[in-house]
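Hi,

Here is the structure I promised to pass on.

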Amino acid sequence: MTGVLNVTGSPVSPPSGGGGGGGPSSGPTSTNGFTDYLIPLIVAAVLVIGGAAFYAWLKRKRSVNQAQH
């Protein structure tokens, strides 16, 4: 199996300083403030929607019970 690889562009010099492994990073980092509030915002939205649904269910259940008596 043969192939040709042409690389063009200016050469890139390695960073100065001590050697060291180029291991994987610790993971993605937040670059804006929105991602810091994303999970609490989702939790709050779920609680509000769930609370509203529970209130509507409870109100409907009470009206059905009152209609039966």
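This is a predicted model: local features need pLDDT of at least 70, side-chain atom pairs count only at pLDDT 80 or more; totals for chains, interfaces and linings use all residues.

Below is what turned up, starting with the whole chain and then going to a few side chains.

Residues are numbered from 1 along each chain as its sequence is written, and side-chain values use heavy atoms, with hydrogens and water left out.

Of its 69 residues, 0% are buried (under 20% relative accessible area; exposed is over 50%, partly exposed in between, with a 1.4 Å probe and protein chains only). The accessible surface is about 6900 Å², with 64% of that belonging to carbon and sulfur atoms (Shrake-Rupley method, 1.4 Å probe; for residues, only the protein chains shown count as cover).

Now the aromatics. Searching the whole structure gives 1 aromatic pair (ring centres of Phe, Tyr or the six-membered ring of Trp within 6.5 Å; planes under 30 degrees apart are stacked, over 60 edge-to-face, the rest tilted). The pair is Phe-54 with Trp-57: the centres are 5.8 Å apart and the planes sit at 35°, so it counts as tilted. Both residues are in helix α1, 3 residues apart, which means about one helical turn between them. Trp-57 is partly exposed, because its relative accessibility is 47%.

Cheers

Key:
Helices (H or I, at least four residues) and strands (E, at least two) are DSSP runs, numbered from the N terminus.
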